[in-house]
Amino acid sequence: MPEFSIGESDFLLDGRPFRILSGGLHYFRVHPGQWADRIDKARRMGLNTIETYVPWNAHAPEPGTFDLSGGLDLGRFLQLIADAGMYAIVRPGPYICAEWDNGGLPAWLFRDPEVGVRRFEPRYLAAVREYLAQALRVVVPHQVDRGGPVLLVQVENEYGAFGSDSRYLKALAEYTREAGITVPLTTVDQPVPGMLAAGGLDGLHRTASFGSGAESRLAILRAHQPTGPLMCGEFWNGWFDHWGAHHHTTSAGEAAAELDALLAAGASVNLYMFHGGTNFGLTSGANDKGVYQPLVTSYDYDAPLDEAGHPTPKYHAFREVIARYHPVPGPVPPPAGPAPALTAALRDPVRLLDDPDRWGTWQAHHDLPVFDDLSPMPRLALLRTRVDGDRTGVLTFGEVRDRATVFFDGAPVGTLLREHHDRALALPAARGELLVLVEDQGRVDYGPRIGEAKGIVGGASVHGEPLTGWEVLPIDLDAVPGLRPAAGSAVRPGEPVAGPVLLRAEVDVDEPADLFLDTGEWGKGLVWLNGFLLGRYWRRGPQRTLYVPGPVVRAGANELVVLELDVLLDPVARFVPGPLLGHTEA
């Protein structure tokens, strides 16, 4: 079997120097029917390795479960990498960041407020140990010394930016070895002395994360990793987007020049990302450094391979750079052709407030609970109580996480956004039924707010008097596409449709193909095609199209379901020839 090790100055494969030329490709952000295509395009760009995170919360949405089916079949993904003649780097966390919901940590873990977050705390460590045993059980037979592709396994992720608990890192390394991992273990941190010191550990090979200034940053890394190969564990060749901002892009020429400098220095590299993919469903995370910023559905990342798997100018520029140092196979993947342009009328409205009982099961609570106290833990929920006062007043919440739309006696009153630090609005009357639709827009994935609760935190009051006697309806999003309208429901062509409302359309396609759904005339909501949850849309942008992977599309009729939470301006589904990810800003 091949032997992979770390020498005095190089990675060694069967005793020979081996430079890792890796690219990030997250199996959980790409439809499994497209994994082989994306891996092959990485090989044809000149890469020899594929890197992926492992998202704990996707594999274990509830305690005691571990899902390895469909798009979570890590073993199949690793086998496809091997079949392509490539190697792999696996980064199981437990914390991954990745702009992923809660940084990959399962929300159920923090129902117990005493559980630690990324530190040496017994309850947290017990859960982590079980998780790593489950995840690494898949990885173990795919290690290079067993004939598989896996060269390296990472311990934690940029830990120096969060903490400095060496006992915690040692425990993770022990659990990783205990699970059967025999290949070298690594860490990654930004090339800042304090971070490299706090996030690294003797016996684990340190790597650095950066996107420019290779010479100076590698020098800092060398000071903390005196021997062994230098590696940029994350070469940032693009960036992510959040709602309400511009679409981030970087110059292909400048990024290629930075890559050239890195390779000229003799370093190994992992491109973050080679192919970003999509935050399908409700998997996108959020940042909060004083202002809450939820991420968009697309994870295009301005990567060498775009969201739909097509080469970009950056792909060709990087391929040219890599060819100066290593043989690059051919042929080059062809450019993208236009996707089908289609339209379909939206119809059959099902309005949430007309009959909420169809959308879930009400639960009674004296005080208003947070989402994390509910079972099942929702991403969208309707809250209901009565206000019986002597005069009109101001409704005040402790904190909104993350969007709350308020109705009084069935009429909309206003919407409160966490990013604006909204907490209060005036009610139109002293007595009536109060309804609040609350949406979790993504859990914070970086920094001290990881693991925090969702929903309304700190309860609600009017005139300073707490509101009690709540009913809470967690909306079952899995069941939403199956809801059918009552007789007589209709949508008038060209007229806006107020939400919250469910609409559907039949989309006829000649043959399966990638599609791009233009949501520019819609408000805010979710979209399913043939039962597959594509993700969120929001008129504020920057993202305007939702990517529909070809394997989800059927020849003939396809069912499109839209859950509009705001106001849909034009009840038509329009599919356009290519992606519209928003304006860019230098």
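Student: Why is the pair of arginine 91 and glutamate 234 called a salt bridge?
Tutor: The term requires a side-chain nitrogen of Lys or Arg within 4 Å of a carboxyl oxygen of Asp or Glu. The N to O distance between these two side chains is 2.7 Å, so the pair meets the definition. Arginine 91 belongs to strand E6 and glutamate 234 to strand E10 (residues 231-236), so the contact ties together parts that are 143 residues apart in sequence. Strands (E, at least two residues) and helices (H or I, at least four) are DSSP runs, numbered from the N terminus.

Student: What do these values rest on?
Tutor: This is a predicted model, in which local features need pLDDT of at least 70 and side-chain atom pairs count only at pLDDT 80 or more, while totals for chains, interfaces and linings use all residues. Side-chain values use heavy atoms, leaving out hydrogens and water, and residues are numbered from 1 along each chain as its sequence is written.

Student: Are arginine 91 and glutamate 234 buried or exposed?
Tutor: Buried means under 20% relative accessible area, exposed over 50%, and partly exposed in between (1.4 Å probe, protein chains only). Arginine 91 has 2%, and is therefore buried; glutamate 234, at 5%, is also counted as buried.

Student: What makes arginine 379 and aspartate 440 a link between separate parts of the chain?
Tutor: Their side chains form a salt bridge with an N to O distance of 2.8 Å. Arginine 379 is in the loop between E16 and E17, and aspartate 440 in the loop between E22 and E23, so the pair ties together parts that are 61 residues apart in sequence. Aspartate 440 is buried, because its relative accessibility is 1%.

Student: How do you know that the side chain of arginine 443 makes a polar contact with that of aspartate 372?
Tutor: A polar contact is a pair of N or O atoms within 3.5 Å; within protein, one must be able to donate a hydrogen and the other to accept it, and residues adjacent in sequence count only if both atoms are side-chain atoms. The distance here is 3.2 Å, so the contact falls within the limit. The backbone oxygen of glutamate 452 lies 2.9 Å from a polar atom of the arginine 443 side chain. Arginine 443 is in the loop between strand E22 (431-439) and strand E23 (455-462), and is buried at 4%.

Student: Which peptide bond involving proline 331 is cis?
Tutor: The bond that joins glycine 330 to proline 331, with omega about -5 degrees. Proline 331 is located in the loop between helix H9 (313-323) and strand E14 (342-345).
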